[in-house]
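Here is a short report on one protein model.

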Amino acid sequence: MTWLVNGQPNTSVIASFSSNLDRTGILHWVYQQTFNMDEYVGLPRNHPESYHSYMWNNFFKHIDIDPNNAHILDGNAADLEAECDAFEKKIKEAGGIDLFVGGIGPDGHIAFNEPGSSLVSRTRLKTLAMDTILANAKYFDGDLSKVPTMALTVGVGTVMDAREVMILITGAHKAFALYKAIEEGVNHMWTVSAFQQHPRTIFVCDEDATLELRVKTVKYFKGLMHVHNKLVDPLYSMKEGN
């Protein structure tokens, strides 16, 4: 199974999974593959704010994944275009992405697919928007001169190829992006809206993130959740009984 999973805030990772829980209920990652969604250009791999460092320090070193199966774009590659093409090839060789798990920016961007990005884009080099640079400055001592201005990122089309998509949205500062994602049409200025056209997407959000939604919309989805729980709870009870 392949996943795209979250790295630093508003960063994501793609991963491939083929193993199950063992008899003790522990998930082993030794046969899993992950593909990080993006990486800054020109930032040393061992820099504390590189996504490579973040993922290894906060996730990979705590699980039994094979280091060769944790794929992260190289923002210092001699040929960045070739690096992006190779990344797309590795995803295909892994059998594609089974699950994308990611957050969004307040402007609705996925990975570093900033507003205006093509909705059929693939892994590529992107110039970061000033809003993104300003938002990321807090990770670089508030010094804008230290914030990378370019990054390698999977494209919207790359993510759309995932078999399933889970988007996590929390906080009032992302409420307008959620509104744009589900209540208005597909728009390349809000790249998260592309998932309206994905056959298996779920948005997971807190109450604050729904502040810009119509009351009717919130009640509708809460009603669906209530019905879903009534259908699923008996199945869990049967499983626990066994």
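## Contacts and overall fold

Residues 24 or more positions apart account for 67% of the protein's contacts with a separation of 6 or more; contact means heavy atoms within 4.5 Å. The model is predicted: local features need pLDDT of at least 70, side-chain atom pairs count only at pLDDT 80 or more, and totals for chains, interfaces and linings use all residues. Residues are numbered from 1 along each chain as its sequence is written, and side-chain values use heavy atoms, with hydrogens and water left out.

The protein has six helices and ten strands. These are DSSP runs numbered from the N terminus (helices H or I, at least four residues; strands E, at least two). Of the 242 residues, 45% are buried. Buried means under 20% relative accessible area, exposed over 50%, and partly exposed in between (1.4 Å probe, protein chains only).

## Nonpolar cores

The largest nonpolar core holds 30 residues. Such a core is a set of buried Ala, Val, Leu, Ile, Met, Phe, Trp, Tyr and Cys residues joined through side-chain atoms within 4.5 Å. Phe-100, Ile-110, Ile-167 and Phe-195 have the most contacts inside the largest core. H2, strand S9 (164-169) and helix H5 (175-182) each supply at least two of its residues. Another core, of ten residues, lies apart from it and includes Tyr-40, Leu-43, Phe-140 and Ala-151.

Leaving aside residues up to four places away in sequence, Phe-195 touches Phe-100, Ile-110, Val-159, Met-160, Val-165, Ile-167, Thr-201 and Phe-203.

## Helix H5

H5 is largely enclosed by the rest of the structure, because six of its eight residues are buried. They are Ala-175, Ala-177, Leu-178, Tyr-179, Lys-180 and Ala-181. Their cover includes S9 and strand S10 (201-205).

Asp-98 sits in the loop between helix H2 (80-93) and strand S6 (99-103). Its relative accessible area is 16%, so Asp-98 counts as buried. Its side chain makes a polar contact with the side chain of Arg-163 (2.7 Å). A polar contact is a pair of N or O atoms within 3.5 Å; within protein, one must be able to donate a hydrogen and the other to accept it, and residues adjacent in sequence count only if both atoms are side-chain atoms.

## Surface

The protein exposes about 12900 Å², and carbon and sulfur atoms supply 55% of that area. Areas come from the Shrake-Rupley method with a 1.4 Å probe; for residues, only the protein chains shown count as cover.

Leu-144 lies in the loop between helix H3 (130-136) and strand S8 (150-153). At 40% relative accessibility, Leu-144 is partly exposed.
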